Amino acid sequence: MGQAAKPTRHNRTLTIDFHDETTYAELLGNTTAFVEFVLAFLLALGFQLLHKASCSEGGSLTRHSHYARLRLGGLTIWRVQCTTCKAVFTVLPHFVLRYRQMRPEVARDALLATHGGLSLELCAVIGHISPMAVYRLVCSFGHQSLVPVLTRCGLPLPRYLLADEKHSHCRTDKVYLPTIVSGRVIWHLGYSASKSAVAFTASYGAFQRAALEHEPSYRVRGALTDGFDSTTKSMRTLFPGARLGYCLRHALNKLPDKLIGVSASVRQSVRSQFHTLLYRCRQRTSLRVVALGQRLRRFADHITATVGAEHGERVRNWFKEKKAGWYAVLEDPQMPSSSTLLDQAHNAIDRKLFAMKGFHHPAGSQAAFLTGLAHLYNLIPYQRRALSAGRCGVEVEGGRLPTHDWMLNLQVLTSGGFR
Ligand SMILES: [Zn+2]
């Protein structure tokens, strides 16, 4: 279960925006102009190319590289070979998808419908393609992982993050999707058959490895979780120096569960008092932790007096167990206080997974498929009535995109030829 993507040959594809097919056809006849065009596009992107480890070319192509044309399925494309390390890059025009007959316009519609939560079968009807082709398309983008794609957009690695697992099913088995979100962007969407701390550490560890590869000095300052034991343990193992906070909104929603057998109206009113308490503490500019400690003690006493001693005791014990996580949230003003943005990401992913139920099977490419869905979540612009209409998550977080077209951005950013 949770098959990793099969190792393939090094994919050194470079998707280049030639604006339209006529421009591409014209450039094909003029090698100098073609090379100039490609180099100008790469220079504007500012990405480093994936040469072989030993190469001294420093991550770019030069006019001296070896250029060769070949015909592929009726289309002429160029291959460029670095004269130093012999790495071969395939220059793919924007109107072609790697190894796919499908045109990008068709793929665009299918992906947009998928992202919107339409079932694979219905997405396929829109584009006259098979449901399996849509599934494979999402996987193909998911072969590039999230950290390199997001850092290519100029986003800094998150110093503060939200971590939680989405519960899902693979046929009848329960599975978990460990997720890391910062603001509007998903940085990690893993897949685990177990909810043990070891399994979660392995999944979140994949994010940590990718982040350290990008920035060896990367340190997480704070992580917010819902307080689930395996999640907290895995964060503590992976990011030993980080502040570990518990989501305050989650705490608010859990409180009524502690008042077993008490009428709904009483539980509701206790919840709203607790809401005020947390809100007031967060509003303070100093001694927030001290204030919270005092108020929690008084609040438990208040429950003893108004609801009953047994309830007061239960709430007191619960506070004792969780308060360190709440203090962590208040100690650092930059700490996120609620995991709402992560819940939103999970809801969005859930709609897609539900729509794709038929494609969950133990031998599937879960890792690639989920990563592909996360790319769509990060790169497809919000719709008209949304707060950030017309902008995608990456832009909302301050990232730069190669072009104004999300589909092209997806193609360019997930090109295998970049380092
Ligand atoms: Zn090279």
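Buried means under 20% relative accessible area, exposed means over 50%, and partly exposed lies in between (1.4 Å probe, protein chains only). Strands (E, at least two residues) and helices (H or I, at least four) are DSSP runs, numbered from the N terminus.

Before moving on, know that this is a predicted model, where local features need pLDDT of at least 70 and side-chain atom pairs count only at pLDDT 80 or more, while totals for chains, interfaces and linings use all residues. Residues are numbered from 1 along each chain as its sequence is written, and side-chain values use heavy atoms, leaving out hydrogens and water.

Strand E5 (residues 160–170) runs parallel to E8, joined by 3 bridges. Two strands pair if DSSP finds at least two bridges between them. Look for Tyr160, which stands opposite Gly222. Next, show strand E9 (residues 243–246), which pairs with E8 in the parallel sense over 4 bridges. Here Thr225 has Tyr246 of E9 as its bridge partner.

Two loops come next. Most residues other than glycine have a negative phi. Select Lys86 in the loop between strand E3 (75–81) and strand E4 (88–93): its phi is positive, near 70 degrees. Is Lys86 buried or partly exposed? Lys86 counts as partly exposed because its relative accessibility is 47%. Then jump to Leu287, in the loop between H10 and H11. Leu287 also has a positive phi, of about 50 degrees, although it is not a glycine. With a relative accessible area of 57%, Leu287 is exposed.

Val266 is partly exposed, at 31% relative accessibility.

For the last stop, select Arg297, Arg298, Lys320 and Lys323, which gather in a patch of positive charge on the surface. A patch is made of residues with over 30% relative accessible area and no salt bridge, with like charges joined within 9 Å. A salt bridge is a side-chain nitrogen of Lys or Arg within 4 Å of a carboxyl oxygen of Asp or Glu. Helix H11 (288–306) and helix H12 (309–331) each supply at least two residues of the positive patch. Zoom in on Arg297 in H11; Arg297 is exposed, with a relative accessible area of 55%.

Definitions and conventions
Patches are made of residues with over 30% relative accessible area and no salt bridge: like charges are joined within 9 Å, nonpolar side chains (Val, Leu, Ile, Met, Phe, Trp, Tyr) within 5 Å. Accessible areas come from the Shrake-Rupley method with a 1.4 Å probe; for residues, only the protein chains shown count as cover. Lys and Arg count as positive and Asp and Glu as negative; His and the chain ends are not counted. The place of a charge is taken as NZ of Lys, CZ of Arg, CG of Asp or CD of Glu.
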